[in-house]
Amino acid sequence: MDYLGVVMIKKNPVWVCELVYDGKLVRLNNYSICKDGTVTRIKRGNGTQEGRTSKICKNKDGYYFVQMRSDDGIKIRPPIHRLIAHKYLGPCPAGLVINHKNGNKLDNDPNNYEYVTPSENSEHAYRIGLTNSTGVNNTSSKLTDIEVRKINKLLEKGCSCREL
């Protein structure tokens, strides 16, 4: 029996969940979620049927999400990794984010998650090669690679910095 945010009713795992979504606290107690990310409606609701499995889509950032209705009828589209982490790791502590340990944001195995600070998440992404903030990839970059090469050639030829 899974004790992290789940109670057993009629042999169905009922997920007890409150999430902060777009700055608002929403309750999602009408759904069941499995480790593979399958989200199933367990109670008939506003325009939905009991037993309906939510369609999985991909958002602009490349994460899977599902459309759900909160207990008070608000439509939300939370990323699946947030739902699975909430169920299997517990609520995300304030100031922390979910890190995919293997760097694959589509791998929604709960064993692939950990809560980390945003800084630790960025360091992890850089360390495993998911982000590269050197050269033109750095948001503070002022010169292109071609411009840097031209400047280096001029400096090698003896031009002073003032002449550049």
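Trainee: Which residues does Arg52 touch, not counting residues up to four places away in sequence?
Mentor: Ground rules before we start: this is a predicted model, so local features need pLDDT of at least 70 and side-chain atom pairs count only at pLDDT 80 or more, while totals for chains, interfaces and linings use all residues. Residues are numbered from 1 along each chain as its sequence is written, and side-chain values use heavy atoms, with hydrogens and water left out. Contact means heavy atoms within 4.5 Å. On that basis, and skipping residues up to four places away, Arg52 touches Val39, Thr40 and Arg41.

Trainee: Where does Arg52 lie?
Mentor: Helices (H or I, at least four residues) and strands (E, at least two) are DSSP runs, numbered from the N terminus. By that count, Arg52 lies in the loop between β6 (39-41) and β7 (56-58).

Trainee: What relative accessible area does Arg52 have?
Mentor: Buried is under 20% relative accessible area, exposed is over 50%, and partly exposed falls in between (1.4 Å probe, protein chains only). Arg52 counts as partly exposed, at 40%.

Trainee: Val39 turned up among those contacts. Which residues have the most contacts inside the largest nonpolar core?
Mentor: A nonpolar core here is a set of buried Ala, Val, Leu, Ile, Met, Phe, Trp, Tyr and Cys residues joined through side-chain atoms within 4.5 Å. In soluble globular proteins, nonpolar side chains tend to be buried together. This core has 18 residues, and the ones with the most contacts inside it are Leu28, Val39, Met68 and Leu83.

Trainee: Which element gives the most to this core?
Mentor: β3, β5 (31-33) and α1 (80-89) each supply at least two of the core's residues. With five residues, the top contributor is α1.

Trainee: In strand β3, which side chains are buried?
Mentor: Side chains alternate along β3 (residues 18-21).

Trainee: How far apart in sequence are the parts tied together by Asp71 and Arg27?
Mentor: The structure holds two salt bridges, each a side-chain nitrogen of Lys or Arg within 4 Å of a carboxyl oxygen of Asp or Glu. Asp71 and Arg27 meet in one, at 3.9 Å, N to O. Asp71 lies in the loop between β9 (68-69) and β10 (75-76) and Arg27 in strand β4, so the separation is 44 residues.

Trainee: How far apart are the closest N and O atoms in the salt bridge of Lys60 with Asp61?
Mentor: Lys60 is exposed, at 79% relative accessibility, while Asp61 is partly exposed at 43%. Their closest N and O atoms are separated by 3.7 Å.

Trainee: Back to α1: is His81 buried or exposed?
Mentor: His81 is found in helix α1. Leaving aside neighbours within four places in sequence, His81 is in contact with Tyr63, Ile98, His100, Asn108 and Tyr113. At 10% relative accessibility, His81 counts as buried.
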